Amino acid sequence: MPDDNVIRAENLSVQYKTRAGWVSAVDDVSLEIRRGEILGLVGESGCGKSTLGKALMRLIRHPARITNGHIWFQGIDLMTLSDNEMRQFRGRNIGMIFQDPMTSLNPIQRVVEHLIETIRTHEPAVSDEDAHARAADLVDRLGISANRLDDYPHQLSGGMRQRVMISLALALNADLIIADEATTSLDVIVEAQFVELLQQLCRDLDLAILMITHNIGLVAEVADRVAVMYAGRMAEMGSACDVFKEPLHPYTQGLLKAVPNIHLEEDELYKMEGSPPDLVSPPPACRFHPRCPHMMPVCSKVQPDFETARGDHRTACWLYQDVPAEYQDVREGSKA
Ligand code: SF4
């Protein structure tokens, strides 16, 4: 594994149990997040991005399970760790920031108690005084005055609570932070401050950050690379510059066309036809084919690989791959 990869998932699959049987929420997904970069993970609701974020931390719980794949974290395959080892590993190395910090923070614990508990759980040799000093230093670094340490979560603004969540993630010097819809509950001004802070921390501490969001505009502002998921599978991944300038997958193209653009003259916003499939019975082969304006006969028969189309730019689409011989004739007359 190259040194600059903090985490790399290989062929990761997650299923959850429904009355209709086991359903693939994440299907054979591979990705890597490098040191000092923000990877934006986007897609419509229900596409599996939050499940993938939890799977990277091995936080998948019954009735869901990881059914396949490896998760390499700086040379260690997390899939080989016991639950207890994983709990220790997660706390020390991976921080997670959720959409609503009020549901993650204990409402009857002061900010300082959250931080001291986190530090001393993983580093029992650290004294209360030293943990307190580290807590003060951490919140100060994130722009919260140390005299707010004795506040309860409800006494803080939404932006400050998200900063407390970051400080908890950084308390043990995590290398990877997963922010799952972390800005959804923030207003635009606080969102901008929060995102700026993440970028600064990413640069200063050489962190790897996975930003999971349905807000593609936000990703355009902050991400170094972008991954696009559709119906549990990876549709496209590449540098933010490549993906936004020249999106390859028709789904990404549709997502970007649907973003309001004040420089365009059209009065109406583009609306992608159809809706994401029910994962209980997804369409065969390319799951996007019922909505795709470039659909070819092969698309509903054979699943395209997720492979390099240009340089570091990967996609799962037959438009960029050699179509199997038996489908080549019909490709000529396709809409593509
Ligand atoms: Fe569209 Fe076919 Fe590409 Fe799927 S594989 S996105 S249906 S062109």
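Mentor: Please note that this model is predicted. Side chains of opposite charge can pair when their charged atoms come close. Here, Arg287 forms a salt bridge with Asp27, with the closest N and O atoms 3.4 Å apart. Arg287 lies in the loop between H10 and strand E11, whereas Asp27 belongs to strand E2, so the pair ties together parts that are 260 residues apart in sequence.

Trainee: Are Arg287 and Asp27 buried or exposed?

Mentor: A residue is buried when its relative accessible area is under 20%. Arg287, at 9%, is therefore buried, and Asp27, at 18%, is buried as well.

Trainee: Which residue meets Arg291 in a salt bridge?

Mentor: The side chain of Arg291 meets that of Glu44, at 3.2 Å from N to O. Arg291 is in the loop between H10 and E11, and Glu44 is in the loop between strand E3 and helix H1, so this pair ties together parts that are 247 residues apart in sequence. Arg291 is buried at 10% relative accessibility, while Glu44 is partly exposed at 23%.

Trainee: How many salt bridges does a search of the whole structure find?

Mentor: The search finds 15.

Trainee: How should I read the packing of helices H4 and H5?

Mentor: One considers the angle and the distance between the axes. H4 and H5 pack at about 120°, with their axes 9 Å apart; they are therefore oblique to each other. Their crossing is right-handed. By class, the contact has eight nonpolar, one polar and three charged residues.

Conventions
Residues numbered from 1 in each chain as written. Predicted model: local features only at pLDDT ≥ 70, side-chain atom pairs only at ≥ 80, totals over all residues. Heavy atoms only, no water. Axes fitted to C-alpha atoms, helices over the stretch in contact; angles between N-to-C directions. Helix = DSSP H or I, 4+ residues; strand = E, 2+ residues; numbered from the N terminus. Parallel < 35°, antiparallel > 145°, perpendicular 65-115°, else oblique. Left-handed = near helix turned anticlockwise from the far one by under 90°. Nonpolar A, V, L, I, M, F, W, Y, C, P; charged D, E, K, R; others polar. Salt bridge = Lys/Arg side-chain N within 4 Å of Asp/Glu carboxyl O. Buried < 20%, exposed > 50% of the residue type's maximum accessible area, 1.4 Å probe, protein only.
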